[in-house]
Amino acid sequence: MTLKLEGASYGRLFQLTLELGPGLHVILGDVRDGTLDLLQLSGGDIAPERGRVLIDGQAPHHSPGIRRALGCAYSNAPFEERLVRDAVARRLAMHESSPTPESAFARFGFEPLLARTSASLTALERHACHLIIALSISSPKVLLLCEPLASGLGPDPHLILHAIRQHAERAVVVCTTASPRAAALLAPGSLLLEDGRLKRSVALPTRPAFAPGASARIRIECAQAELMAEVLTRHPAVSGLNWQRGDTFLVVEGAEVEALSNAILSLSVERQWWVSQLTQVLPDPVEIRATHAALARAAYEATRYRLHTDRGERR
Amino acid sequence: MTSFSVGVNASLRRVKHPLLIAGIFVAALIAVVVALVERRLGPGATDRTLTGITFGLALPLVSLSIVTRACGRLRLDRSFSELARHGADRRGLAVGQSLATASFCAVIGTFLGAVSVVAARGVHDPALLHDTWATASVGAFAGAAYACWFLATSSMGKTGAGRYVFLALDWTLGSTSSALALPFPRGHVLNLLGASPPLGLAAGTSAALLVGLTFLVLALAISRIPR
């Protein structure tokens with residue numbers, strides 16, 4: 001089971017070549033980067049202007065059979081049917097899926113939605129419905145999900161995550177998100193899509209991995225934040241610290257996530273300061289994009305400088 | 001559940017919009033009022049009503065509204081993209097959509113034609129029954145033909161704006177009696193109603209040409225839609 005894009009161009013995407021096998025693949029980027037174009041191309045909504053998109057050797061745009069084996073949740077298009085139950089039942093029937101709308105929605109604790117009219121659904125609720133339909137398809141070949149862990153979606157994110165991981169064992173699951181935090185929750189690795197091009201893959205969901213050159217940051221919630229801040233400022237793993245008087249949290253900065261985490265946990269155990277929450281501060285997409293732009297600029301300048309020196313035109 | 005039946009059901013659900021139904025009744029009301037005014041003006045009221053307001057203005061506009069609604073203001077191939085995403089065959093959907101829309105427009109054409117004749121002739125006219133039957137059948141043909149042409153031309157333009165261009169061309173070129181009127185339904189419909197025929201064609205030839213061209217154009221448009 002493979003999803004293959006061969007030099008596919010459409011909208012923001014520029015000659016994208018990608019081959020994905022079974023497993024969970026997270027693509028970090030937003031609509032401006034071409035995530036929606038990528039999902040629409042893979043789902044057979046549109047045909048590429050150039051190149052090819054193939055799922056198991058067949059183009060989804062021209063094959064209803066392949067599309068029947070796809071689970072797509074990347075639009076919040078309104079349902080035509082009056083009742084949500086009818087809309088869900090019809091779509092599940094089209095996929096030849098066994099679960100009833102009730103059992104599919106009950107799995108995610110979302111069955112009250114079935115009794116409502118389609119017109120009364122908000123955009124987020126519609127997205128949640130499409131997501132549940134996609135995740136309820138029995139043995140899909142490919143799942144194409146946009147922002148599956150979006151906040152305010154409705155269903156419990158842990159249940160969604162569990163269902164996604166179950167499908168990922170047999171199918172190609174592609175999740176796109178604009179949130180580095182959601183990307184980190186979904187899978188350890190992600191692909192960075194920027195301006196229609198896949199820039200690189202990130203193996204670990206840390207701040208230095210997403211934005212090379214940036215230091216790692218950890219946010220600690222602790223009742224003894226003041227004392228902890230005082231001790232951590234002297235720790236060799238900590239290069240920076242942010243804490244304000246009265247706050248019950250502090251943000252520490254260092255070169256490595258592991259070293260920072262070890263420092264915090266050792267301190268917590270040693271001094272019996274209970275840490276209620278420990279979270280990584282990941283960069284936002286703007287910071288990631290800015291880092292990439294700076295890296296590209298630096299690479300360009302370095303190449304130009306080398307060319308000049310090669311020609312003996314040292315400035 | 002086949003894509004064809006999904007297309008039929010979804011199209012009928014779309015066209016059963018209260019605003020659209022209200023619009024159809026308003027169009028019928030206007031046609032009736034014009035027919036009553038024409039009747040007061042003197043003989044030939046039926047011809048003037050049918051070739052003017054009913055089949056010249058109301059039916060094309062109503063058919064355009066129905067097709068626009070059935071296509072969801074999109075191109076023909078994109079009008080059911082949400083269902084196609086779930087594995088429905090786009091061509092099957094389009095065939096179902098065409099059948100549902102053409103049938104609905106045929107019914108509207110019959111209705112508009114019948115009420116216009118009744119209003120223009122009056123209920124005591126001895127030729128009423130015969131004329132109503134003849135007009136209703138022309139109305140059914142005209143409604144279905146307009147629906148098919150609007151559906152076919154919805155494949156042009158990013159959002160299916162081809163249907164609006166077609167309406168403009170139908171109004172400007174279709175009402176002439178030159179060869180330019182041949183591809184448009186208006187000239188043939190007027191011919192079937194007894195007005196001056198395009199290129200002097202007989203009514204039977206005009207009807208055959210109308211049906212043949214309509215099916216050909218629609219079949220071409222549907223065959224271009226990816227599955």
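## Aromatic packing and the A–B interface

B:Trp149 and B:Phe166 are both buried. This is a predicted model. A search of the whole structure gives five aromatic pairs over all chains.

| Aromatic pair | Geometry | Centre to centre | Angle between planes |
|---|---|---|---|
| B:Tyr146 and B:Phe150 | stacked | 5.8 Å | 25 degrees |
| B:Trp149 and B:Phe166 | stacked | 5.0 Å | 5 degrees |

The pair of B:Trp149 and B:Phe166 links distant parts of the chain. B:Trp149 lies in helix 6 of chain B, and B:Phe166 in helix 7 (residues 162-172), 17 residues apart. B:Tyr146 and B:Phe150 are about one helical turn apart, because they sit four residues apart in helix 6 (residues 128-153) of chain B. Both B:Tyr146 and B:Phe150 are buried.

Chain A has a charge over a ring. A:Arg219 lies over the face of A:Phe249, 4.0 Å from the ring centre.

Now the interface. In chain B, 19 residues are in contact with 21 residues of chain A. The two chains bury about 1,900 Å² between them, with 48% of it on carbon and sulfur atoms. B:Arg13, B:Arg85 and B:His86 supply 37% of the area that chain B buries against chain A, more than any other three residues.

Three salt bridges run between chain B and chain A. One side-chain salt bridge pairs B:Arg14 with A:Glu80 (2.4 Å, N to O). Helix 1 (3-15) and helix 4 (81-84) of chain B each supply at least two residues of the side that touches chain A.

Conventions. Residues are numbered from 1 along each chain as its sequence is written. Chains are lettered from A and ligands numbered from 1 in the order in which they are written. This is a predicted model: local features need pLDDT of at least 70, side-chain atom pairs count only at pLDDT 80 or more; totals for chains, interfaces and linings use all residues. Side-chain values use heavy atoms; hydrogens and water are left out. Rings of Phe, Tyr and Trp (its six-membered ring) pair if their centres lie within 6.5 Å; planes under 30 degrees apart count as stacked, over 60 as edge-to-face and the rest as tilted. Buried means under 20% relative accessible area, exposed over 50%, partly exposed in between (1.4 Å probe, protein chains only). A charge sits over a ring if NZ of Lys or CZ of Arg is within 6 Å of the ring centre and within 35 degrees of the ring normal. Contact means heavy atoms within 4.5 Å. Buried area is the accessible area (1.4 Å probe) that two parts lose on being put together, summed over both. A salt bridge is a side-chain nitrogen of Lys or Arg within 4 Å of a carboxyl oxygen of Asp or Glu.
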